[in-house]
Amino acid sequence: MMISKAKIKYIKSLEQKKFRRQFGCFVAEGPKIVGELLHTMLPRLIVAESSWIESCYEKSLKAVASTTVSSPELLEVSHEELRKLSFLQHPQEVLAVFATPTCSEQEAIGQARQGLTLALDGVQDPGNLGTILRIADWFGIQTIFCSPSTADIYSPKAVQATMGSIARVQTLYMDLPALFENLPSSIPIYGTFLDGHDIYDTTLSDNGIIIMGNEGNGISDEVAGFVSHRLLIPNYPPGNITAESLNVAVATALTCAEFRRRRK
């Protein structure tokens with residue numbers, strides 16, 4: 001079946017946040033990311049080249065086939081047609097439209113009570129956001145709370161940066177101060193600051209929330225007021241003039257790694 005102009009317009013519209021919200025959908029591209037998502041959810045639409053359909057279609061859908069009686073709409077296109085649809089510089093055989101997952105606020109808060117979670121306060125770059133999701137996945141963190149000012153995880157660039165981890169890590173956009181006010185005082189809230197305590201000399205818990213701030217301004221004053229443990233990733237050697245700060249995704253990786261190292 002040839003792809004219609006209306007379908008092309010629909011897919012291209014999902015590059016914009018307002019239409020992703022309107023339709024409740026987002027786009028994933030490439031065998032890796034589409035394949036990861038197909039382990040947990042059924043897409044509404046798959047647009048693919050014959051090479052992917054012949055080698056991957058049935059195998060990819062097998063993971064979710066038992067949970068539904070319907071199949072997604074499948075459109076076969078040429079590489080040139082896919083290139084016109086794709087948000088990537090180099091299209092990768094397949095593009096799929098998925099419904100945006102919903103996350104129960106109660107469930108997410110329950111995760112914060114029991115395990116380790118992340119909170120992102122105004123992270124602006126979609127690439128950083130997607131990479132942080134990938135980092136969370138690697139370190140077994142299943143929930144990320146995002147302030148309303150944080151970039152949209154379902155933008156094409158952010159989805160691509162997750163490299164499929166978006167299938168396993170849930171994100172919840174909410175007012176962070178409201179979240180912290182509703183948590184028991186026994187739950188530690190960590191934040192990274194340039195004037196914090198050396199993370200390598202600080203006692204770290206198995207549960208709690210780790211807050212990472214905006215790329216340029218760090219954690220906002222309003223959110224910082226809820227932090228019970230201020231952490232610093234020290235430079236080396238101490239006292240030397242180095243870079244002003246770390247990239248927020250790099251800082252997230254180092255922080256999560258230290259938390260998990262202690263648990264081991």
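Let's start with Tyr200, which has a relative accessibility of 40% and so counts as partly exposed. Buried would mean under 20% and exposed over 50%, so a partly exposed residue sits in between. Keep in mind that this is a predicted model.

Next up is strand β4, made of residues 94–99. Is β4 mostly covered or mostly open? It's mostly covered, with five of its six residues buried.

Strand β4 pairs with β1 (residues 25–29), running antiparallel to it and joined by five bridges. To spot this pairing, find Phe26, whose bridge partner in β4 is Phe98. Strand β2 (residues 45–48) pairs with β4 too, again in the antiparallel sense, over four bridges. Here you can look for Val47, which has Leu95 as its bridge partner in β4.

## His79 in helix α5

Now for His79, which belongs to helix α5 (residues 79–85). His79 has a relative accessible area of 42%, so it's partly exposed.

Which residues does His79 touch, leaving aside neighbours within four places in sequence? Those contacts are Glu49 and Pro91. Pro148 is another story: its C-alpha atom is separated from that of His79 by 37 Å, and the two residues are 69 apart along the chain.

Terms used:
Residues are numbered from 1 along each chain as its sequence is written. This is a predicted model: local features need pLDDT of at least 70, side-chain atom pairs count only at pLDDT 80 or more; totals for chains, interfaces and linings use all residues. Side-chain values use heavy atoms; hydrogens and water are left out. Buried means under 20% relative accessible area, exposed over 50%, partly exposed in between (1.4 Å probe, protein chains only). Helices (H or I, at least four residues) and strands (E, at least two) are DSSP runs, numbered from the N terminus. Contact means heavy atoms within 4.5 Å. Two strands pair if DSSP finds at least two bridges between them.
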